[in-house]
Amino acid sequence: MGTEKDPCAECGRGTAAGTMGFSDRRVVEWDGAARGFLCGECQAAIVAARQGEPLSDDEVRRRIDSGVAAMAWASGPGAQGQV
Ligand SMILES: [Zn+2]
């Protein structure tokens, strides 16, 4: 299988239309163009870990920002497309 479309920033599961993650995904935009996605399961897990306190868009952005950076750091050049 190829690269997931609209991958969740936390678990990497695809959240594009037609996938299981689509219906309850969270989409945030930042820096005017970049978009990030969070599947419903990860949202629920994060909210549960915070004793039910909901995530603001800003917090999602920050999580995605650090998550994307961490993933790029871990995978390195040439590792694109791996899950
Ligand atoms: Zn997820």
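Select Gln51 to begin: this is a predicted model, and here Gln51 counts as exposed because 6 C-beta neighbours lie inside 10 Å, while a residue with 12 or fewer gets that label. You'll find Gln51 in the loop between helix H1 (40–49) and H2. Now check the backbone of Gln51: phi is near 60°, a positive value in a residue other than glycine.

Next, jump to Asp6, in the segment before strand S1 (26–30). Asp6 isn't a glycine either, yet has a positive phi of about 50°. Is Asp6 exposed or partly exposed? Asp6 counts as partly exposed, because 18 C-beta neighbours sit inside 10 Å.

Time to zoom out. Colour by secondary structure and you'll see two helices and two strands. Follow the chain along the sequence and the pattern reads β-β-α-α. Of the 83 residues, 18% count as buried.

Now for the inside. Select Cys8, Ala9, Val28, Phe37, Leu38, Cys39, Cys42, Val60 and Ile64 together: these nine residues make up the largest nonpolar core. Which elements give two or more residues to this core? They are strand S2 (34–38) and helix H2 (57–75).

Leaving out residues up to four places away in sequence, Cys39 touches Cys8, Cys11, Arg13, Thr15, Gly21 and Arg25. For the whole protein, among contacts between residues at least 6 apart in sequence, 45% join residues at least 24 apart.

How values were computed: Residues numbered from 1 in each chain as written. Predicted model: local features only at pLDDT ≥ 70, side-chain atom pairs only at ≥ 80, totals over all residues. Helix = DSSP H or I, 4+ residues; strand = E, 2+ residues; numbered from the N terminus. Buried ≥ 20, exposed ≤ 12 C-beta atoms within 10 Å, placed from the backbone. Contact = placed C-beta atoms within 7 Å. Core = buried A, V, L, I, M, F, W, Y, C linked by C-beta atoms within 7 Å.
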